[in-house]
Amino acid sequence: MLPSFDLYQPQSLGDALQALAKSDEMQPLAGATNLVPDLRGKRETCRSFISLKALDDLRYINREGDRVTVGACTTISDILRDSAMQTDAPALYAAAEIFAGTMVRNAATIGGNICCGSPSADTVPALLTLGAEVTLSSASGERTVPLDEFYVDYKKSVKRADELLTSVSWSIPAVNSVNLFYKLARRKGDAITVTGVAVMIAAQDGVCCSARIALGSVGPTVFRARAAEDLLTGKALDEDLIEQAARTAADQCAPIDDIRASAGYRLQTAFSLTRRLLTQAWKQLA
Amino acid sequence: MSKEKSINVNVNGKAVELVVPAHRTLLEALRHESFVEIKCGCEKGDCGACAVLLDGEPVDSCLTLAWHVDGCEVTTIKGIGQPGKADPLQEAFIETGAAQCGYCTPGMIVAAKSLLTDNQNPSLAEIKRALGGNLCRCTGYTRIFEAVLLAARKMREEGEAA
Ligand SMILES: Cc1cc2nc3c(=O)[nH]c(=O)nc-3n(C[C@H](O)[C@H](O)[C@H](O)COP(=O)(O)OP(=O)(O)OC[C@H]3O[C@@H](n4cnc5c(N)ncnc54)[C@H](O)[C@@H]3O)c2cc1C
Ligand code: FES
Ligand code: FES
């Protein structure tokens, strides 16, 4: 049995934001795929939730010009059903494909994945390489924050308790770019990420004009490997440069030992997977 | 104790009223109403034994709050096929010997049913992905995959005959 809790089920976003503004205790509940196991495992102590289930206006995928906007309550399965995502967000699509199992994908939302703040949240490295921004809404207004500035520490973000994450958006990758994600885990299905790497590389005539590298499960939050990105930008891609960039990215990791893998293994795989994805991007761009 | 609410669901074509508090999962609520064909395994979304179709989509009933299914249609393994007229998946599971202890079977068939509704000619890789959230501790999966391939073939043949 789950511990007993209250669940408010608003029918509109406005009502939801009003309720959050009035209460210090209420926490949003979307697909509940994190919250139910956390409540059962006594890791979650909140006993008052606000359900986002009925807020259909937060479940959409919009395209306007080169901008893609996804509502917070869009499920991982919704993303997979949208085949244009394969080109509009290749790394995100790849992350959705290897996310949990069918049943969890049908319930899990992208907003919940971003907000749970876990370093192993699989959509986050992909979204970081897409340069995504999130919209945070409250009864008093709305603000847009680059996802890159969203996380401050393990499971901590700049989102205030009275705010809901309402959408995430990004620009469709340029034609001369490659966007990849790789999830290393014990199995292909239904497994928590040991090391997750996403890259977005754009190049012109063999010269890297922009680079984004994001790493998951190798630190308290998912993060961009800025120094490695800077190393690549403006230079002609080759094996040595890629090796050096992957080394630099691994240097920025601060992994922990846990039941799934040792810190040393995570460090080694952060290096080798970054090198692998950068090499793949370089070959595809040539 | 939080307050209770009346939740109306249609389970396998039958109207059912659940009077439950917010923290009751669909798994607990339906098993309490004697739908014990829904199996309880891990209760944390890992094993898929509790899978049901919710408005046609498979979900883990152990992760689903009963309050969230008001007005929905739920299909359990008993809503797939009928006595005397088994679903092609059920026939195929019997013919290939895809069940040993059988505990995972209701969830396996529910997840496979949804796959075959969308895709009558799945590849082995597609079957593995569709059943990625269903654990089996007995069979080693090979016969389960064979059963789904066989059921797909049966369904295509039935479709052609019709
Ligand atoms: C068996 C299993 C396998 C899993 N596999 C994976 C996997 O492969 N990869 C992966 O990344 N995750 C995985 N997860 C974790 C989980 O499914 C995801 O993190 C999921 O995206 C969470 O979304 P949700 O809608 O279920 O969130 P919920 O559980 O409803 O909420 C999670 C947190 O986010 C907050 N929240 C939710 N929506 C909002 C919003 N719009 N605004 C503000 N706060 C919000 C909630 O308050 C809560 O703190 C798995 C979980 C299970 C049970
Ligand atoms: S009992 Fe629900 S997934 Fe295991
Ligand atoms: S047959 Fe026993 S768990 Fe699958």
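How many residue pairs are in polar contact between domain 1 of chain A and domain 2 of chain A? The count is nine, with both residues of each pair at pLDDT 80 or more; a polar contact is a pair of N or O atoms within 3.5 Å, where within protein one must be able to donate a hydrogen and the other to accept it, and residues adjacent in sequence count only if both atoms are side-chain atoms.

This is a predicted model, in which local features need pLDDT of at least 70, side-chain atom pairs count only at pLDDT 80 or more, and totals for chains, interfaces and linings use all residues. Residues are numbered from 1 along each chain as its sequence is written, chains are lettered from A and ligands numbered from 1 in the order in which they are written, and side-chain values use heavy atoms, with hydrogens and water left out.

**Chain A, two domains.** Select residues 57-171 for domain 1 of chain A and 177-285 for domain 2; such bounds come from an automatic or database domain assignment. Their centres, taken over C-alpha atoms, are 20 Å apart. Between them about 1,900 Å² is buried, 62% of it on carbon and sulfur atoms. Buried area is the accessible area (1.4 Å probe) that two parts lose on being put together, summed over both.

**The salt bridge.** Next pick A:D148 and A:R226, whose side chains meet in a salt bridge (2.0 Å, N to O). The term means a side-chain nitrogen of Lys or Arg within 4 Å of a carboxyl oxygen of Asp or Glu.

**Helix 8.** Now show residues 123-129 of chain A, which form helix 8 and include A:T123. Helices (H or I, at least four residues) and strands (E, at least two) are DSSP runs, numbered from the N terminus. Is A:T123 buried or exposed? A:T123 is buried, with a relative accessible area of 1%; buried means under 20%, exposed over 50%, partly exposed in between (1.4 Å probe, protein chains only). Its side chain makes a polar contact of 2.7 Å with that of A:N113.

**Chain B.** Move to chain B and select domain 1 (4-79) and domain 2 (88-161). The C-alpha centres of these domains of chain B lie 22 Å apart. Here 15 residues of domain 1 are in contact with 12 residues of domain 2, contact meaning heavy atoms within 4.5 Å. Highlight B:K39, B:C47 and B:I77: in domain 1 they lose the most area to domain 2, together 41% of what that side buries. Zero salt bridges are counted between these two domains of chain B.
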